[in-house]
Amino acid sequence: MRYGLIHPISKRTGKPREQISRRDFLKTFSVIPVAAIGRFLQNSTGTPFQLPPPNVIVLVFDAWSANHLRMHGYQRDTMPNLEKFADRATVYHRHYSSAPFTTPGTASLISGLHPWTHRALLLGGIMRAKHSDHNLFSALSSTHSTLAYTQNINADQLIFQAEKAIGRHIPTESLNLKGSVLYNKSFFRKDSHIAFESFEDYIFQDGIGDDGSLFFGPLVRLGNLREDLLEQIQYSREYPRGLPRAEMLGYYRIEQVADGVIDILKSIQTPTAAYVYVYPPHGPYNPPGEFVGNFNDGFKSPEKPIHPLSVGHESYRDLLKKRKKYDELLSGWDAEVGRIFTFMKEAGLFENSIVVVTSDHGEMFERGEVGHFTPLLYDPVVHIPLLISMPGQTERRDVRSLTSSIDLVPTLAHLTGNSRPDWVEGRILPGIGSNDNLDESSVYTMDAQKSAVFGDLSQFSISLRKYNYHLIYYHYPQYTGFELYDLNEDPEEMQDLFPIMPTDARELLDELKQQILKKLNSKVTFRN
Amino acid sequence: MMKKLFGRFPARNEISMVFGVVVFAVYAWSIKMYFYEFPAFILMYGVWELFSIFAYMMTFALVESVLVTSLLVLLGFLLPAGWYREGFSYKGSLTIALAAGFSIYLQKTLTMDFPSYRYLLTVVVTYLLVLTSMIYAASRFEHLRKLILFLADRISIILYLYLPINFISLLVVIFRIL
């Protein structure tokens, strides 16, 4: 960072200086103790930065489970470049998303609100109108210029909702090979969400279900499929398993995504708050050829019974295969992440930016389920990575307190010298904020993708992480009930402790029941 | 010269009859799909949003109907009079009815992979053969031709219902995007 203390041009002679004068040296020397104290105070008490504020760079990787990272105890070394980045960051070991899929997960991440408050509960939905201005961008807009990009069309709906506070909104299809959508065209800019619901989700479907347009629907679909085929042929050697594909946006190459992220980062001018959300490692799990077969190690995760709410009903064998493919994609994506980090290092972004790397939700390969569009709330689908690198940070810190994705907005507001927005429900993260001990916090995750977003939720899952426990409640016609796991003793969540209910877990049960009645459905009667 | 040029277009009443058939097919399908999606929409949207999506759908259906009809009129203009312009109302109606059937078939079969060109060629050739046979049969058998025209005439009455709704829908879309 240049503070302008030593001018390259001499005021007296008007020529470039070759040496620092005694006066300049004394000036600089006098500032050193102040800077050192400031740095110390900032590190120890979490006092917000003085001017100029650092950039805020939030990198979000879609469907990224913490349970697949070595730093969180996974057997496979899926992301070595990320591990290297962790050496200069604060690593949150027990960080949880607020929901198991994109829309509610992203809404919570950018608003600092629980899903039951923002009510963006269904895929492609948006937050309640009264929360339209409640987002990361408005929280930082008084100190930063703001920039947002998301490669996920559903998350883009939430970005559009927040667009008033976003200085630069990069089109969602920018990092894909040929994708094109109608809702973000200037013509529909003022009504993008209804245009999205009408065109992308109804008049032209993405090969799933019938199109609302009788004649143009199949023609557009044929055109898209032909383009897809040509792209697949073109990149078949590079991507032997096929190209990865983003919903409704078509194929992309992960190299191109990383290049795009680098271009976005190149364009930011300090101080900027940049929210960059990319599709990998979201399925389909198609890495470049060099990463296929990376994990032929015979590793087997424990076999777990198929859950009554499982939608996929995948066999154990298929689950193992898909887990391996996901890990391969992670390692392929990690190579690109390494490139992004190298660029950031060379561009000095680690010196003048708060860099956050996280996800909107996890991914699971167990109990019959693959992916994340599931009512199940087991650890792999809600436990997500969170790494935060402060400007100039050179050492790793490990935080083992329970934290939630709703904590990010208040934390970033605090770190950039903004006031904590009064709407947020999250807290300032321990480790870099003023409160280093949040062990007592209750972290909630919920899913209600089959409920109407208004009033009481008819079908939902909700989980509470507190102490060493993970308490889950499922409320569906075909399956209702609690499950309790001790993640210290049983990290794979194999043994349901609810029937024997340890005494120290009773508090969680009472708390969760109260929360359900207060926030989700006031008429629920608990059977067990 | 201009008179000769305009003389190549099908008669206005025939165009409006075919337009009625196009509108019936396009709108019926759109409304069917809207109600298919409706249970998902009502989980998320209030009445105004539901009506707005409906308005988008109707407006798009109007654009689609106008374009499809224009294409048929263009065919009537370009092809020799005996092939398409003479008897435009029943030939156009048959074209649309069969195209709607094939289109629905394609919607059901085209999913995630591009089909082979052989398959696509088979679909197109089958469509053209069936269409030619039907047109030939209708031109030969007056009863069949009359039946087609009777149905097209009945169907075009729906225009009186669709067009006012469409006018309101268009206003709603304009209001929303401006």
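In the predicted model, the crossing of helices α2(B) and α6(B) is left-handed. Helix α2 covers residues 12-44 of chain B, and helix α6 covers residues 142-156 of chain B. Two packed helices are described by the angle between their axes and the distance between the axes. For α2(B) and α6(B), the angle is about 70° and the axes lie 8 Å apart. Helix α2(B) is therefore roughly perpendicular to α6(B), as angles of 65 to 115 degrees are counted in that class.

On the side of α2(B), the contact is made by Met17(B), Gly20(B), Val21(B) and Phe24(B). These residues meet Leu149(B), Ala152(B), Asp153(B), Ile155(B) and Ser156(B) of α6(B). By residue class, the contact of α2(B) with α6(B) comprises six nonpolar residues, two polar residues and one charged residue.

Chain B also forms an interface with chain A, in which 43 residues of chain B are in contact with 40 residues of chain A. The size of an interface is often given as the accessible area lost when the parts come together. Between chain A and chain B, about 3600 Å² is buried, and carbon and sulfur atoms account for 68% of this area. Of the area that chain A buries against chain B, 20% is supplied by Tyr202(A), Leu214(A) and Phe215(A), more than by any other three residues.

Two salt bridges are found across the interface of chain A and chain B. A salt bridge joins the side chains of Asp191(A) and Arg176(B), with an N to O distance of 2.7 Å.

Methods: Residues numbered from 1 in each chain as written. Chains lettered and ligands numbered in written order. Predicted model: local features only at pLDDT ≥ 70, side-chain atom pairs only at ≥ 80, totals over all residues. Heavy atoms only, no water. Axes fitted to C-alpha atoms, helices over the stretch in contact; angles between N-to-C directions. Helix = DSSP H or I, 4+ residues; strand = E, 2+ residues; numbered from the N terminus. Parallel < 35°, antiparallel > 145°, perpendicular 65-115°, else oblique. Left-handed = near helix turned anticlockwise from the far one by under 90°. Contact = heavy atoms within 4.5 Å. Nonpolar A, V, L, I, M, F, W, Y, C, P; charged D, E, K, R; others polar. Buried area = accessible area lost by both parts, 1.4 Å probe. Salt bridge = Lys/Arg side-chain N within 4 Å of Asp/Glu carboxyl O.
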